[in-house]
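Thanks for coming. I have one structure to go through today, so let me put it on the screen.

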Amino acid sequence: MEAPDAELKKELDATLHARRELGEDYEPALVESFLEKVEQRLDGAVDRRVRRQLAEQQMVVARGARSPQSADSWGERFGFGIVSLVLAVPLSAIGGGVAGLPGLLVAWVGIVGVNAVQALRHTGLPLRRPGEKSGSDWEA
């Protein structure tokens, strides 16, 4: 099979040759036909890439490792930390204002707990012991 660029070059040459033979009246139809062929080639290339990436992800999952494209990117972790700190201010004010020091402590224990669970999730450490069955009916 020829390289896609060589095939497209042949298609373009054939389109230009047909345009010279048929004249300007057929130019829009010829251009549209050529663009449809380009679109088909692009769709095919995108489909192959998507299938390859899905196969790679399935292999990673089958091996029991986390997917390299998983949602635990640095940006997500940074954003979670920023949101956590931003929400800590009003939670501290509400907890401290309503219940004093015990309310403030409860608010911060909750904030630290949520961040600890998030950190454990991103380190790949299991939150349950291996072989322990979940109490949830939603998990397999």
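Which residues gather in a patch of negative charge on the surface? They are Glu 32, Glu 36, Glu 39, Asp 43 and Asp 47. Before going on: this is a predicted model, where local features need pLDDT of at least 70 and side-chain atom pairs count only at pLDDT 80 or more, while totals for chains, interfaces and linings use all residues. Residues are numbered from 1 along each chain as its sequence is written, and side-chain values use heavy atoms, with hydrogens and water left out.

A patch here takes residues with over 30% relative accessible area and no salt bridge, and joins like charges within 9 Å. A salt bridge means a side-chain nitrogen of Lys or Arg within 4 Å of a carboxyl oxygen of Asp or Glu. Accessible areas are Shrake-Rupley values with a 1.4 Å probe.

Helices are DSSP runs of H or I, at least four residues long. Glu 39 has a relative accessible area of 47%, so it is partly exposed; buried is under 20%, exposed is over 50%, and partly exposed is in between.

There is also a positive patch on the surface, made up of Arg 48, Arg 49, Arg 51 and Arg 52. Arg 52 sits in helix H2, residues 27-62, and is partly exposed because its relative accessibility is 47%.

Last, Thr 15, in helix H1, residues 4-22. Thr 15 counts as buried because its relative accessible area is 15%. Leaving out residues up to four places away in sequence, Thr 15 touches Leu 30 and Phe 34, contact being heavy atoms within 4.5 Å. Thr 15 and Leu 30 are 15 residues apart in sequence, and their C-alpha atoms are 6.2 Å apart.

Note on methods:
Patches are made of residues with over 30% relative accessible area and no salt bridge: like charges are joined within 9 Å, nonpolar side chains (Val, Leu, Ile, Met, Phe, Trp, Tyr) within 5 Å. Lys and Arg count as positive and Asp and Glu as negative; His and the chain ends are not counted. The place of a charge is taken as NZ of Lys, CZ of Arg, CG of Asp or CD of Glu. Helices (H or I, at least four residues) and strands (E, at least two) are DSSP runs, numbered from the N terminus. Buried means under 20% relative accessible area, exposed over 50%, partly exposed in between (1.4 Å probe, protein chains only).
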